[in-house]
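Have the model open in your viewer as you read.

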Amino acid sequence: MKETMEETMEEDILALLKENVIQGRRTKDDEGVDGDMVGTPAVLELTQLMVESDIAPEIIIKQGLTAGMQVVGDKFATKEYFIPDMLASAEAVGAAMDILKPILEAADIETKGRFVIATAKGDIHDIGKNIVAILLKGAGYEVKDLGIDVSPEKIVKVVREYKPDFLGISALLTTTMVAMGKTIEALKENGLRDKVKVLVGGAAVSEEYAQEIEADAYCVDGFHAIKVLEDFQKVKT
Ligand code: B12
């Protein structure tokens, strides 16, 4: 009975978190897109509460933050939301990740390999990339984050000099995912393709596209990426 009650509470708080992401409410002082929500707990307070209630960060990220952003994207596509609305939600998710980051990063200290991550050229979406970077650090990888709008040339330079074991590229736009293919081509031209495993992800990308550009793996999210990397390590040993 106690467990059922706890599960219901967890579901209720997660639903509230998702709704507050959709409303773009970072703290309790924010009105939200629909207005009149001032004073009620928002993304920051709810995330804090969930952490204190021992709700797993994986659940908070998947069922609260990412699920909320999905709805925000749908509302933007149907012109119900505009760019400032997307930005407010993005900032709210960023604030939640600031709370989750130390917990996720503290999970493991062993170094499992070097991972370079970047958002593709022309693309400034970085929430997903940042989440993946945090999760990989927590899983024991040494992560070098090159930021947003990163050209294939810059990536080639970093792969040559830093010699990472893995490279992750993120693209959220159909117009920028082509830069992933260009990056893989540039790695080939520079004789570096077999030196690094390339993982791609982001809302615009699919398994088919990853195969088309000859990436080593497509990942739906950061948790999937950890699994894929573990499989790579198994093949190596
Ligand atoms: C927030 C947002 C913005 C914010 C970004 C803020 C920021 N700091 O990132 C702002 C307002 C700046 C923005 C701008 C634009 N956006 Co926008 N945006 C979004 C939105 C709503 C959410 C993205 C997000 O953060 N999702 C949550 C995160 C957690 O998910 P994620 O990024 O997919 O990442 C996860 C996985 O995909 C995976 N992953 C991602 N990358 C990688 C990489 C690797 C290596 C791995 C392993 C895994 C992995 O793991 C992540 C964690 O779980 C999406 C809608 C959507 N459904 O994606 C639209 C969306 C991506 N945007 C869109 C558009 C059109 C734009 C603009 C062109 C709008 C305009 N007219 O100016 C500009 C483009 C700017 C540019 N040059 O990049 C479209 C893209 C359409 C298309 N198919 O091309 C979308 C899909 C909205 C829509 N439905 O129309 N946007």
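A word on terms before we start: the domain bounds used here come from an automatic or database domain assignment, and a residue is near a molecule if one of its heavy atoms lies within 4 Å of it. Keep in mind, too, that this is a predicted model.

The space it takes is the largest pocket, and 35 residues surround it. Domain 1 (2–105) and domain 2 (114–236) each give at least three residues to this shell. Which elements supply at least two residues each? They are helix 3 (57–77), helix 4 (83–105), helix 5 (127–138), strand 3 (166–170), strand 4 (197–201) and helix 9 (222–236). Helix 3 provides the largest share, with 7 residues.

Now zoom in on the closest residues, which are Ile124, His125, Asp126, Ser170 and Thr174. His125 is worth a stop: its NE2 atom, at 2.3 Å, is the only protein donor of the ligand's cobalt atom. You will find this histidine in the loop between strand 1 (114–119) and helix 5.

The backbone takes part as well. A polar backbone atom of isoleucine 124 is 2.8 Å from an oxygen atom of the ligand, and a backbone N or O atom of aspartate 126 also lies 2.8 Å from a ligand oxygen. For glycine 122, a polar backbone atom is 3.0 Å from a nitrogen atom of the ligand.

Conventions
Residues numbered from 1 in each chain as written. Predicted model: local features only at pLDDT ≥ 70, side-chain atom pairs only at ≥ 80, totals over all residues. Heavy atoms only, no water. Polar contact = N/O pair within 3.5 Å; in protein donor to acceptor, adjacent residues only side chain to side chain. 1 Å grid on protein atoms, 1.4 Å probe; cavity = no way out; pocket = protein on both sides within 12 Å on 5 of 7 lines; lining within 4 Å. Sits in = over half its atoms within 2 Å of the grid points. Helix = DSSP H or I, 4+ residues; strand = E, 2+ residues; numbered from the N terminus. Donors = N, O, S within 2.8 Å, 3.2 Å for Na, K, Ca; no water.
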